[in-house]
Amino acid sequence: MPAPRDRVALIKAARMYFLDGRSQDDVARALGTSRSNVSRMLTAARAQGIVEIRVHDQISREKYLEQALDERFHLEHVQVAAFRPGVDALAAAGDLAAQWLDESLRDGHVLGLSWGTSLQAMVESFWVDHPRSGEVLPLVGGLSTADSLVAGQELVRELAGRLGATYRYLHAPALLRSEIARDALLAEPAVADALHRARTADIAMVGIGAVGTVASSQMLVGLGLSASERKAFLATKPVGDTCCRFFDADGQAIRGVVQD
């Protein structure tokens with residue numbers, strides 16, 4: 001244990017590191033000292049009771065469900081957040097996803113994001129002590145019907161900021177009302193390049209929507225389907241969607257006017 005230090009300096013170092021989220025290197029530069037000295041100061045701050053750390057375990061896992069999903073769908077890796085009364089289930093899943101991403105992401109990786117409240121919870125839970133090189137980009141275009149807080153573009157920018165990585169936007173709407181407009185946009189070099197880059201992503205984090213929820217209904221409204229088109233689409237029995245693409249109970253893509 002280092003010799004007793006100036007309490008004011010310890011508080012200043014602790015606030016910058018624990019509350020402001022600055023790295024130890026950054027704190028060292030701000031205080032005009034070394035990184036190793038900052039590490040000792042943080043240890044001293046905890047020893048003197050200046051800093052108290054509490055762990056709220058919201059990411060305990062449900063092993064039985066993990067095993068059941070693995071056996072049913074032959075998945076390579078499964079994590080399920082355990083349900084606890086009084087705990088926000090979405091936040092717990094977001095914490096678990098953020099932990100997985102932190103452990104899986106490497107310097108130089110390309111990370112693709114879709115959109116939605118699940119990914120918003122993940123981004124809000126994500127935090128790193130040191131920057132990582134790489135790029136974050138959207139896997140789907142903009143959604144005028146979606147809450148701006150959960151839209152893919154906003155999540156891309158926010159997560160890139162937390163990582164210290166670069167990012168790019170996909171300057172195109174996710175939903176179009178004609179195939180002619182779709183093909184014209186796909187012919188634009190900037191759009192084509194962004195989509196190509198997305199296809200090369202090392203990791204893709206996507207939300208899974210359920211047909212009948214608000215977000216799913218908003219997408220159908222955004223497409224401007226006629227009554228007959230909507231009826232034909234629902235007759236295919238869609239159950240969910242990801243990146244604005246619908247699938248049935250067997251996981252097969254729903255073809256037709258919505259896909260087009």
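Ala165 is buried, with a relative accessible area of 15% (buried means under 20%, exposed over 50%, partly exposed in between, with a 1.4 Å probe and protein chains only). The model is predicted: local features need pLDDT of at least 70, side-chain atom pairs count only at pLDDT 80 or more, and totals for chains, interfaces and linings use all residues. Residues are numbered from 1 along each chain as its sequence is written, and side-chain values use heavy atoms, with hydrogens and water left out.

**Overall chain**

- The protein chain has 260 residues, of which 33% count as buried.
- Eleven helices and seven strands make up its secondary structure (DSSP runs numbered from the N terminus: helices are H or I with at least four residues, strands are E with at least two).
- Along the principal axes, the C-alpha atoms fill a box of roughly 80 × 45 × 30 Å.
- Among contacts with a separation of 6 or more, 69% join residues 24 or more positions apart (contact means heavy atoms within 4.5 Å).

- Ala165 sits in the loop between H7 and strand S3 (166-167).
- Leaving aside neighbours within four places in sequence, Ala165 is in contact with Arg132, Gly134, Glu135, Val136 and Ala160.
- Asp107 is 58 residues from Ala165 along the chain, and their C-alpha atoms are separated by 9.2 Å.
- Pro131 lies in the loop between H6 and strand S2 (134-138).
- Pro131 is exposed, at 60% relative accessible area.
- Not counting residues up to four places away in sequence, Pro131 touches Asp107, Leu163 and Gly164.
- Pro131 and Val221 are 90 residues apart in sequence, with 40 Å from C-alpha to C-alpha.

- Two packed helices are described by the angle between their axes and the distance between the axes.
- The axes of H1 (residues 7-19) and H2 (residues 24-31) come within 9 Å and cross at roughly 145 degrees (axes are lines fitted to C-alpha atoms, for helices over the stretch in contact, and angles run from 0 to 180 degrees between N-to-C directions).
- H1 and H2 cross in a right-handed sense (right-handed if the near helix is turned clockwise from the far one by less than a right angle, left-handed if anticlockwise).
- On the H1 side, Lys12, Ala13, Met16 and Tyr17 meet Gln24, Val27, Ala30 and Leu31 of H2.
- By class, this contact of H1 with H2 has six nonpolar, one polar and one charged residues (Ala, Val, Leu, Ile, Met, Phe, Trp, Tyr, Cys and Pro count as nonpolar, Asp, Glu, Lys and Arg as charged, and the others, Gly among them, as polar).
- H2 and H3 (residues 35-47) have axes that come within 8 Å and cross at roughly 100 degrees.
- H2 and H3 are therefore roughly perpendicular to each other (angles of 65 to 115 degrees; under 35 is roughly parallel, over 145 roughly antiparallel, and the rest oblique).
- Gln24, Asp25, Val27, Ala28 and Leu31 of H2 meet Arg35, Val38, Ser39, Met41 and Leu42 of H3.
- The contact of H2 with H3 has six nonpolar, two polar and two charged residues.

**H6 and its surroundings**

- The axes of H5 (residues 89-104) and H6 (residues 117-125) come within 7 Å and cross at roughly 60 degrees.
- H5 and H6 are therefore oblique to each other.
- The crossing of H5 past H6 is right-handed.
- From H5, Leu90, Ala91, Gly94, Asp95, Ala97, Ala98 and Leu101 meet Thr117, Ser118, Ala121, Met122 and Ser125 of H6.
- The contact of H5 with H6 has seven nonpolar, four polar and one charged residues.
- Leu119, Gln120, Ala121, Met122 and Val123 are the buried residues of H6.
- Their cover includes H5, strand S1 (109-113), H7 and strand S4 (203-205).

**Met205 in S4**

- Met205 belongs to strand S4.
- Met205 is buried, at 10% relative accessible area.
- Beyond neighbours within four places in sequence, Met205 is in contact with Ala97, Trp100, Leu101, Leu111, Gly112, Leu113, Ser114, Leu119 and Met122.
- Leu185 is 20 residues from Met205 along the chain, with 24 Å between their C-alpha atoms.

**Gln153 in H7**

- Gln153 is placed in H7 (residues 152-163).
- Gln153 counts as buried, at 16% relative accessibility.
- The Gln153 side chain reaches the backbone oxygen of Leu170 at 2.8 Å.
- Not counting residues up to four places away in sequence, Gln153 touches Pro138, Tyr169 and Leu170.

Conventions: Polar contact = N/O pair within 3.5 Å; in protein donor to acceptor, adjacent residues only side chain to side chain.
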